[in-house]
Amino acid sequence: MRGLAPLISLLALWVTPAVAQDFTTLKGHGGPIMDIAVAPDGTVVTASFDNSVGVWDGLLPTWLEGHDAAVVAVASPEPRVVVSGGDDFRVLLNLLDQTDPIKVTEHKGKVSDIAFDTETNRIATASWDGTIHLLSRVKVLRKSGGPLIELQPEILAGHATGVNAVAFAPSGGLFSASSDGTIRVWEGRTNALTSRPIVKHGFGINKLIVTDAWLAYGAVDGGTRIVNPETGNQIADFTLDRRPILSMAYHADTHQLAVGDGQGYIMMIDTAAWKISRDFRATRNGPVWALAFSNEGQTIWAGGLDDVAYGWPVASLDEYDPAINGERSFLQAADTMPNGERQFMRKCSICHALEAGPSRKAGPTMHGVFGRRAGTVPGYSYSDTLDGSPIIWDEATIDALFDQGPDHYIPGSKMPMQVIAKPQDRADLITFLKDNTSQGD
């Protein structure tokens, strides 16, 4: 990367983790894995609902904690350089030898994707606010002994609704995909870019991979298609009866395109022959939100509802198919749980632990919740709404929380909207919590 050379010269070399040849798990996050990237040195970087980024030197993580909400997009264009975007609307750049992250840009909605053009040192960020921020200048300054990054974004607005994906072609063309069902190509001079639609799919488009010869996209209705990046004319259609498409990854040297969906499958497409080479069920339940190939293309990294990132050797994917051997599930089967536990797993477990002590999850532990004043777990950073709240958690307040939904019961809190409509389901959840969160446990 030419443009980041002054920045990268500030950084030391990082030890490259061993090439993964066997099934591998990266454990430590406190919530679902939302995105995965692989740095040029082979280091795996994971973004999670627990508000953090994990940088994995082998199986040992370094945690990057700058976001105030779920981290849903991550990229690592150089060793020890990580750029992440989150539900807090911010894009942060971390230099692994520096303590604090640097804010690259801030959108007016959640950040959904990050792309790099390594030849011209441009960064593109996509957001549900309907815009793309194109950052074309990087300047490294010295102040108080540390580097500062000055980035001047060009804001691109052309989609009717949120932008879900953004990508650069190897030759430098910029493409974007949106919930409005279109893919646009951005053309013209810097600071004067205009766009034209090349695909009008009809359903929201979630993911995008672009080469100079073809463009692959995945949509809400399960559409998985390959088109000409200039004209939008269809080259191939790999749509199956599974939806939505949630993740894509491409390895150019081995001609592998991986596609993850909401039903737990990873479809592998041979782009040299335009045929499906494998169709692998990665999880018995739940979506595949994150995919990335190792640099040599021998391992496919995947993440979903579980708080673990999985690395499968591509050559032996079928050996790990949970449809065959019942293993490698991102989520425990719901029919194996009593109703109260099922409600907890569906509505609470992504953010909250039941055990006492520190947790990597996005929310505070629920251990000892009955009789506790809201906003008082030591060490957790609460919203202003809950900090000093008069609410005491008991059967009545927990029932009201899920009857009305947190956005109505505690307006302004960090809690995502969750409603449990049936009184019996709320009662079963409360019974489960009373049995599993008492101070004596």
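Mentor: In the classes used here, Ala, Val, Leu, Ile, Met, Phe, Trp, Tyr, Cys and Pro are nonpolar, Asp, Glu, Lys and Arg are charged, and the others, Gly among them, are polar. The model is predicted, so local features need pLDDT of at least 70 and side-chain atom pairs pLDDT 80 or more, while totals for chains, interfaces and linings use all residues. Residues are numbered from 1 along each chain as its sequence is written, and side-chain values use heavy atoms, without hydrogens and water.

Trainee: How many cavities of 30 Å³ or more are there?

Mentor: On a 1 Å grid over the protein atoms alone, a cavity is a set of points where a 1.4 Å probe fits but cannot get out; a pocket is an open set with protein on both sides within 12 Å along at least five of seven lines; lining residues have an atom within 4 Å of a point. Points are joined across faces, edges and corners, and a volume is the space filled by probe spheres set on them. The largest cavity has about 50 Å³. By this rule the number of cavities is two.

Trainee: Which residues of the lining lie nearest the centre of the largest pocket?

Mentor: The space in the largest pocket is about 1400 Å³. Elements giving two or more residues to its lining include β2 (33-38), β10 (111-117), β20 (205-210) and β28 (288-293). By class, the lining has 31 nonpolar, eight polar and six charged residues. Of the 45 lining residues, those nearest the centre are V38, I114, F116, I209 and Y250.

Trainee: In β19, what is the bridge partner of R184?

Mentor: Strand β18 (residues 182-187) runs antiparallel to β19, joined to β19 by six bridges. Within β19, R184 has as its bridge partner P197.

Trainee: Are α3 and α6 roughly parallel or roughly perpendicular to each other?

Mentor: Helix α3 (residues 339-347) packs against helix α6 (residues 423-436) at about 90 degrees, with axes 7 Å apart. Axes are lines fitted to C-alpha atoms, for helices over the stretch in contact, and angles run from 0 to 180 degrees between N-to-C directions. Angles under 35 degrees count as roughly parallel, over 145 as roughly antiparallel, 65 to 115 as roughly perpendicular and the rest as oblique. The two helices, α3 and α6, are therefore roughly perpendicular.

Trainee: In which loop is P244 found?

Mentor: The peptide bond from R243 to P244 is cis, with omega near -10 degrees. P244 is in the loop between β23 (234-237) and β24.

Trainee: What value is phi of N51 near?

Mentor: N51 belongs to the loop between β3 (44-48) and β4 (53-57). Its phi is positive, in a residue other than glycine, and is near 75 degrees.

Terms used
Pairing = 2+ DSSP bridges. Helix = DSSP H or I, 4+ residues; strand = E, 2+ residues; numbered from the N terminus.
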